Amino acid sequence: MGEFVADQLAAWGVKAVYGVAGDAVLPFIDAVQRHPRLNFYGVKHETAAAFMASARAKLTGEIGVCTATSGPGIANLINGLADAKNDRAPVLAITGQVETYNLATNYKQYVDQGMLLAPVVEYSGLIITTEQVNDVVVKSLRNVIAGKTPAHISVAMDIWSQNTEEPVRQFEPFLKTQSQSTPETIREAIRLLNEAQRPAILAGRGVGRSGGLVAGLAEKWQSGISLTMPAKGMLPGDHPLVLGGLGEGGSAASTIMLNEADMILIIGATWWPESYLSFPGRIVQLDAVPENIGRNMPVSYGIVGNIESLLPEITTGIVIKHKEDWLSRLAQLKKEWLDRISVEITAEETPVPPGRLVKILEETMEKNAVVALDVGDHTVWFNRIFSGTNQTVLISGNWRSTGFGLPAAVAAKQAAPERQVVALVGDGGMAQSMAEFSTAVRYRLPVTIVVVNNGYLAMEKDKMQLQQMNYETTALTNPDFAKYAGICGGMGYRVENAGKLAEILPEAMNCGLPAVVDVITAAPVFPGVVDKEAKRRQKS
Ligand SMILES: Cc1ncc(C[n+]2csc(CCOP(=O)(O)OP(=O)(O)O)c2C)c(N)n1
Ligand SMILES: [Mg+2]
């Protein structure tokens, strides 16, 4: 049975399975290891296995697979599957279950797995006879591909040893058929866009490789561009029309532009931080997924289809109208913003200011690096300062789990060995996932983990501090992360001074081993939070 499942996965393009061994899945793991087109990655924690499957799916678009045993194994998968569900990453979880005759009893490690995972997967199948296998496995794969959503199958332990005569079902390419708006709908959208006097574009992860096309449209339409965090790097940040990120971690330029615009075209984004957007104008939204239209924002018109093919059509339909006043307003906003953050990226040396750390990291990394982010103050600093050239940003976008960055980096390096992979993680997130550093060592994956060591769960500290709460418990008791990297068999560096950082980072990135750069960083209250609090006080 293990062979059948492995063959079926390979036939549908799966290349890697991440998991932790446990007796209810051993035959499956064995079959994956023996399969010529599959690789099994034994990791330390099932949550990391699910994060890796999710990160791989986000980076490559292929199905990411994770596996775990029954009971505690599957319980640990939940967080990573929730991440996949929230960011629409195609992930399949395969778990073992107790023997058929122990189902629904209080036998050790039994839990109703379908019920346990119900909120985080679209479909959960249980295989208790060989006759079902084909249907359940293919149904789960179809769900994952067509719905871009996680699915789950569990296999009762005694079924693994039985054989099935079922043939492997070939991949069904029609499942990838995209929804497509009619030509009339597209024409009407273009007509609307041509009415704009002060246009703005909000571009998100769905832009993918079409960053150049977005820039082309913006140039002709004479609009500014705001980027959500996963879209950073899809368009060069130094393009004059790119005004930065959006929301708490974003740029004031971008927020002001979106509020002063009379029309916003949202392309491949669902992020709409309401408290930043009192936008009264019209919104046109373009997305590959129909249900994303109007998901989080009041949209007046939607177009659905392949972004790469629709953008040139829309651009062609735009009638050039000169919008000098708007363009000079955009230039002014961008300049004011760059002036404001220039102080942050050149600030005092010790401990390293977070803005300066992000800038040096950006200057050091390759133009097409993969950057895996964790969740915390360092993430909003990244959003604020990172301009981007052609990098891919991996992030736990909507679920926002700490501990995502390191496993995501490991999966990225293994999926795209030719690309430089850097993770930017907080000391809190590092502590949650640091066991996976030895996974990087084991599989010889030279990733660079930059630890923003500010001694706190700073994002939570900021909030507690501003609300006059006792924030003592957010202080961290950190081990020496650089030494830890060394004893795992990787390279470890500790940096206390910004000048040194510019020297050490390239060394770490080129050392050929997994490396940790532990950067002793300042923890100022994030300026976006200060601004938000000032606004709140003004109102009350
Ligand atoms: C799994 C999980 N637990 C808790 C949180 C709440 N949380 C959000 S940011 C943050 C702080 C993370 O601290 P650290 O990794 O040190 O990053 P910093 O904010 O200091 O840059 C926490 C605990 C979360 N998002 N996910
Ligand atoms: Mg921290």
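# Notebook: a look through a predicted chain

**Entry 1, helix 12.** I began with helix 12 (residues 354–364), where nine of the 11 residues are buried, so this helix is largely enclosed by the rest of the structure. For me, buried means under 20% relative accessible area, exposed means over 50%, and partly exposed is what falls in between (1.4 Å probe, protein chains only). Helices (H or I, at least four residues) and strands (E, at least two) are DSSP runs, numbered from the N terminus. The model is predicted, so I kept local features to pLDDT of at least 70 and side-chain atom pairs to pLDDT 80 or more, while totals for chains, interfaces and linings use all residues.

I then listed the buried residues of helix 12: Pro354, Gly355, Arg356, Leu357, Val358, Lys359, Ile360, Leu361 and Glu362. What do they pack against? I found helix 11 (324–345), helix 13 (377–385), helix 19 (498–509), and strands 15 (421–426), 16 (448–453) and 18 (515–520).

I counted 20 helices and 18 strands in the chain. The radius of gyration is 24 Å, close to the 24 Å that the globule rule gives for 540 residues, so the chain is as compact as a globular protein of that length. That radius is taken over C-alpha atoms, and the rule is 2.2 Å times the number of residues to the power 0.38. The C-alpha atoms fill a box of roughly 75 × 60 × 45 Å along the principal axes. I noted that 56% of the 540 residues count as buried. Next came contacts, meaning heavy atoms within 4.5 Å. Among those between residues at least 6 apart in sequence, 73% join residues at least 24 apart.

I moved to helix 13, the place of asparagine 383. Is this residue buried or exposed? Asparagine 383 is buried, with a relative accessible area of 4%. Leaving aside neighbours within four places in sequence, I saw asparagine 383 in contact with Met229, Lys232, Gly245, Leu246, Gly249 and Gly250.

My next stop was the loop between helix 14 (405–415) and strand 15, where glutamine 420 lies. Glutamine 420 is buried too, at 11% relative accessible area. Its C-alpha atom is 7.4 Å from that of valine 447, 27 residues apart along the chain. Outside four places in sequence, glutamine 420 is in contact with Met365, Glu366, Ala369, Val370, Lys413 and Met509.

I looked for aromatic pairs: rings of Phe, Tyr and Trp (its six-membered ring) with centres within 6.5 Å, stacked if the planes are under 30 degrees apart, edge-to-face if over 60, and tilted for the rest. The count came to nine. In one of them, phenylalanine 437 and tyrosine 484 have ring centres 6.4 Å apart and planes at 50°, so I call the pair tilted. Phenylalanine 437 is in helix 16 (residues 437–442) and tyrosine 484 in helix 18 (residues 481–488), so the pair ties together parts that are 47 residues apart in sequence. Both residues are buried. I also spotted Tyr18, Tyr41 and Tyr443 linked into a cluster by ring pairs.

Technical notes: Residues numbered from 1 in each chain as written. Chains lettered and ligands numbered in written order. Heavy atoms only, no water.
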